Amino acid sequence: MKLSQFKFKLPEELVALEPPFRSFENEDGTVDKIYRRDECRLMIVHRKSQTIDMFRKDADGNDTEDYLIFRDIAGYFDEGDTFIFNDTKVFPARLFGTKEKTDAKIEVFLLRELNEELRLWDVLVEPARKIRIGNKLFFDEDGPMVAEVIDNTTSRGRTLRFLYDCPHDEFKRELFALGSAPLPRYIIDHRDPTPEDMENFQTIYARHEGAVTTPSSGLHFSRELMKRLEIRGINFAFVTVHCSLGNFEGIEVEDLTKHKMSSEQMIISAEACDIVNRAKQEGHHICAVGVSTARATETAVGTDGLLKEYDGWTNKFIFPPYEFGVADCLIANFYHPESTMLMTTAAFGGYDIVMEAYKQAIKHGYKFGCYGDALLIIDD
């Protein structure tokens, strides 16, 4: 397929800048927000019948005027069905420092730690033109956190050595205390990160630190919803994919077969394989929660259609046409035009019906992006 087939006009006001919330006005006139991650809207795409649902049904099966919300998802699954979650944990990757002598403000985006002992980190810097090998950056006016640029890796990429002499755990704690949630550029170009973002931009089941962006489809799950699913007899399997910025990199070729994805580290345990494969062999639904999870399971699926243990990296890029081997259901968000996540969603549900769903989403004012609304593709 071609890149231009995934181009559409997304009104700026439909990009969600924060999660769903309810507002309460206090006696003093101030307003508090209570975030409700499972109250975003939910759209259903039925893959076999090629139909779309947006509204709750009445007793006779007719549409009401009430939109489906995410917690309604429990009603689409039965005992024995299995959800596969990505349990990566986001760390506060965005820092701001000042350049030695000039005091120029520099954004530093932490990508990954290269060497614990030497305090080496792979980072992106902005504006990159001001940062050269040998420059020093100061991150806390009154504190000791200083970094030296020791290498150029890409046009914006640098290797930093943090000059901080202390035990590694203390160093990480102090470093992360200076950072903020690594929100996508389409959010921070319109507002500053808040302390609440570090919680809101994290799934409730996050366990393994290493992601610099969140597996956003998992943000909709609340503890209450997870308990409802558990009571319903639905199984949970957890894999780990440390989401990178690769999904946000622009595609510069019209022919999608020529696009190369950045690699992401992933781990699939024997326990996860046992849960998924048992459900699959018993004829139950397997639901991949998010595009990162779908890419991981397709990286590790065997020719027999069963999930295999895996500990390594994946740069798998999925776009139509593609036949999935593990999951028969997918939970996704509404993604930006020409994004790799949209392409994987279209590969799963079918290009025509998914693009029609996006057309309806814009018409009905659904919210796009990591804090936006959700799309469930089911195999019926």
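## Cavity and pocket

On a 1 Å grid over the protein atoms alone, a cavity is a set of points where a 1.4 Å probe fits but cannot get out, while a pocket is an open set with protein on both sides within 12 Å along at least five of seven lines; lining residues have an atom within 4 Å of a point. Grid points are joined across faces, edges and corners, and a volume is the space filled by probe spheres set on the points. With that in hand, a search of the whole structure turns up one cavity of 30 Å³ or more. The largest cavity has a volume of about 70 Å³. Its lining is made of Pro19, Pro20, Arg37, Asn200, Leu219, His220, Cys370, Tyr371 and Gly372. Sorted by class, that lining has five nonpolar, three polar and one charged residues; here Ala, Val, Leu, Ile, Met, Phe, Trp, Tyr, Cys and Pro count as nonpolar, Asp, Glu, Lys and Arg as charged, and the others, Gly among them, as polar.

The second largest pocket has a volume of about 320 Å³. Of the 14 residues that line this pocket, Tyr35, Arg37, Glu199, Ile204 and Arg223 lie nearest its centre. The elements giving two or more residues to its lining are α3 (197-200) and α4 (223-231). By class, the pocket lining has two nonpolar, four polar and eight charged residues.

## About the model

This is a predicted model, where local features need pLDDT of at least 70 and side-chain atom pairs count only at pLDDT 80 or more, while totals for chains, interfaces and linings use all residues. Residues are numbered from 1 along each chain as its sequence is written, and side-chain values use heavy atoms, with hydrogens and water left out.

## A buried strand

Let us turn to the strands. Helices (H or I, at least four residues) and strands (E, at least two) are DSSP runs, numbered from the N terminus. Strand β7 (residues 82-86) is largely enclosed by the rest of the structure, because five of its five residues are buried (under 20% relative accessible area; exposed is over 50%, partly exposed in between, with a 1.4 Å probe and protein chains only). Thr82, Ile84 and Asn86 point one way from β7, and Phe83 and Phe85 point the other way.

Which strands run parallel to β7? One is β16 (residues 235-241), joined to β7 by five bridges, and another is β18 (residues 286-289), joined by three. Two strands pair if DSSP finds at least two bridges between them. Isoleucine 84 has alanine 237 as its bridge partner in β16, and phenylalanine 83 stands opposite cysteine 287 in β18.

## Two hairpins

Strands β9 (residues 94-99) and β10 (residues 105-115) pair in the antiparallel sense over five bridges, with glycine 97 partnered by isoleucine 106 of β10. These strands form a hairpin with five residues between them, and lysine 101 in the turn has a positive phi of about 75°.

β10 also runs antiparallel to β11 (residues 120-126), with seven bridges joining them. The partner of leucine 110 in β11 is valine 123. Four residues lie between the strands of this hairpin, where arginine 119 takes a positive phi near 60°.

## Cysteines

How many disulfides does the structure hold? There are zero, a disulfide being a pair of cysteine sulfur atoms within 2.5 Å. The sulfur of cysteine 40 is 12 Å from the closest cysteine sulfur, in cysteine 370, which is too far for a bond. Cysteine 40 counts as buried, at 1% relative accessibility.

For cysteine 287, the closest cysteine sulfur is in cysteine 329, 5.3 Å away and too far for a bond. Cysteine 287 is buried as well, with a relative accessible area of 0%.
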